[in-house]
Amino acid sequence: MGMGETDSIISFGRNKELPQLSDKILSFYRQTQESKRLTTQTKGQLEFVRTQEIIKRYLPPSPAVVLDIGGGSGPYACWLAKAGYEVHLVDPVDLHIEQAKEASNQQLEHPIASISLGDARDLRFLSMSADVVLLLGPLYHLVDKNERLLALSEAYRVLRDGGVMIAAGISRFASLLDSFFEGRFEDPVHRDIVQKDLETGYHRNLTESLKYFTDAYLHHPEVLGSEVIEAGFLHQATLAVEGPAWLFESFEDYWKDPALRLVVLDLIRKVEAESSILGMSAHILAIGTK
């Protein structure tokens with residue numbers, strides 16, 4: 001693909017000043033190894049495989065234009081580019097942009113079409129220029145509902161009619177469940193964070209420690225779907241990514257065994273849309289169409 005083709009869907013006539021994420025969120029991602037989380041951690045590998053699986057169900061045939069908004073260091077963008085899609089990655093973190101460029105350079109026969117610093121609330125793409133929009137990170141770092149709806153509305157704007165949007169949320173109950181698994185309730189700071197998560201959905205890290213994550217919004221599963229609808233999409237499904245598997249020590253051993261890994265994935269698939277289990281998943285995906 002020539003540069004003229006790549007640039008043809010990009011608009012530079014929108015707001016000159018990009019909105020900015022908080023310095024705390026940007027600092028967190030500049031200091032942590034988000035680029036390795038999906039490949040080196042067992043829970044991250046489960047998240048990656050399941051997210052890929054769900055995305056594949058809703059993808060149109062390649063070649064099609066995919067916008068990976070908040071695409072981080074490029075794991076999904078690289079995967080889709082290898083599959084023949086024209087992928088444009090946008091992320092607000094300068095470190096992620098450099099990592100995504102490096103990852104794209106490792107697959108020169110199937111590079112990411114464009115990689116740019118940007119924000120989900122102000123996309124530099126023409127209206128109705130994309131077939132798929134992925135929002136696999138932005139919504140849980142926009143703690144104000146109006147900001148989340150702005151990001152969803154931007155995704156709606158740039159999608160062609162019939163296009164697909166896939167948005168990720170973190171479950172309202174993720175910090176509670178993770179704390180039981182990791183045995184973190186002896187820490188009073190952690191207890192206070194979890195209490196506020198449950199009461200408000202706003203995960204606030206008021207410390208300097210990276211172990212408490214960073215500022216985020218944790219969705220009730222039904223609320224994530226309702227926001228997708230409010231932004232104008234036809235809500236197709238809200239699905240659990242990890243399901244309950246990530247909460248059990250046995251999962252680590254199952255995942256290492258190729259045969260048992262298939263069993264685990266099959267069982268998660270069977271309960272992925274079960275409303276009584278959705279909140280047990282660390283991550284949830286809402287799928288909307290235009």
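Helices (H or I, at least four residues) and strands (E, at least two) are DSSP runs, numbered from the N terminus. This model is predicted: local features need pLDDT of at least 70, side-chain atom pairs count only at pLDDT 80 or more, and totals for chains, interfaces and linings use all residues. Residues are numbered from 1 along each chain as its sequence is written, and side-chain values use heavy atoms, with hydrogens and water left out.

Backbone geometry is described first. Most residues other than glycine have a negative phi, and most peptide bonds are trans. S62 and P63 are joined by a cis peptide bond, with omega about 0°. P63 sits in the loop between α4 and β1 (65-69). M128 is not a glycine, yet its phi is positive, near 55°. This residue belongs to the loop between β3 (114-117) and β4 (130-135). M128 has 42% relative accessibility and counts as partly exposed. F213 lies in the loop between β6 and β7. With a relative accessible area of 25%, F213 is partly exposed.

A pair of aromatic rings is described by the distance of the centres and the angle of the planes. Rings of Phe, Tyr and Trp (its six-membered ring) pair if their centres lie within 6.5 Å; planes under 30 degrees apart count as stacked, over 60 as edge-to-face and the rest as tilted. The whole structure holds 8 aromatic pairs. One of them is formed by Y76 and W79, with ring centres 6.5 Å apart and planes at 75°, so this pair is edge-to-face. Both residues lie in helix α5 (residues 75-82). They are 3 residues apart, about one turn of the helix. Y76 and W79 are both buried. A tilted pair is formed by Y202 and Y217, at 5.4 Å centre to centre and with 55° between the planes. This pair links distant parts of the chain, 15 residues apart. Y202 is in strand β6 (residues 202-203), and Y217 is in strand β7 (residues 216-219). Y202 is partly exposed, with a relative accessible area of 31%. Y217, at 8% relative accessibility, is buried. Ring pairs also join F28, Y29 and F213 into a cluster.

Helix packing comes next. Axes are lines fitted to C-alpha atoms, for helices over the stretch in contact, and angles run from 0 to 180 degrees between N-to-C directions. Contact means heavy atoms within 4.5 Å. The axes of α4 (residues 42-58) and α12 (residues 258-271) come within 12 Å and cross at roughly 55°. That angle makes α4 oblique to α12. Angles under 35 degrees count as roughly parallel, over 145 as roughly antiparallel, 65 to 115 as roughly perpendicular and the rest as oblique. The crossing of α4 and α12 is right-handed. A crossing is left-handed if the near helix is turned anticlockwise from the far one by less than a right angle, and right-handed if clockwise. On the α4 side, Q45, L46, V49, R50, E53 and R57 make the contact; on the α12 side, R261, L265, I268 and R269 do. These residues divide into 4 nonpolar, 1 polar and 5 charged. Ala, Val, Leu, Ile, Met, Phe, Trp, Tyr, Cys and Pro count as nonpolar, Asp, Glu, Lys and Arg as charged, and the others, Gly among them, as polar.

A245 touches residues that include L46 and I268. A245 lies in the loop between β8 (234-240) and α11 (250-256). It is buried, with a relative accessible area of 12%. The C-alpha atoms of A245 and M280 are separated by 9.0 Å, although the residues are 35 apart along the chain.

The axes of α7 (residues 145-158) and α10 (residues 221-230) come within 9 Å and cross at roughly 55°. These two helices are therefore oblique to each other. Their crossing is right-handed. K145, R148, L149 and L152 of α7 meet E227, V228 and E230 of α10. This contact has 3 nonpolar, no polar and 4 charged residues.

Key
Buried < 20%, exposed > 50% of the residue type's maximum accessible area, 1.4 Å probe, protein only. Lists of a residue's contacts leave out its neighbours within four places in sequence.
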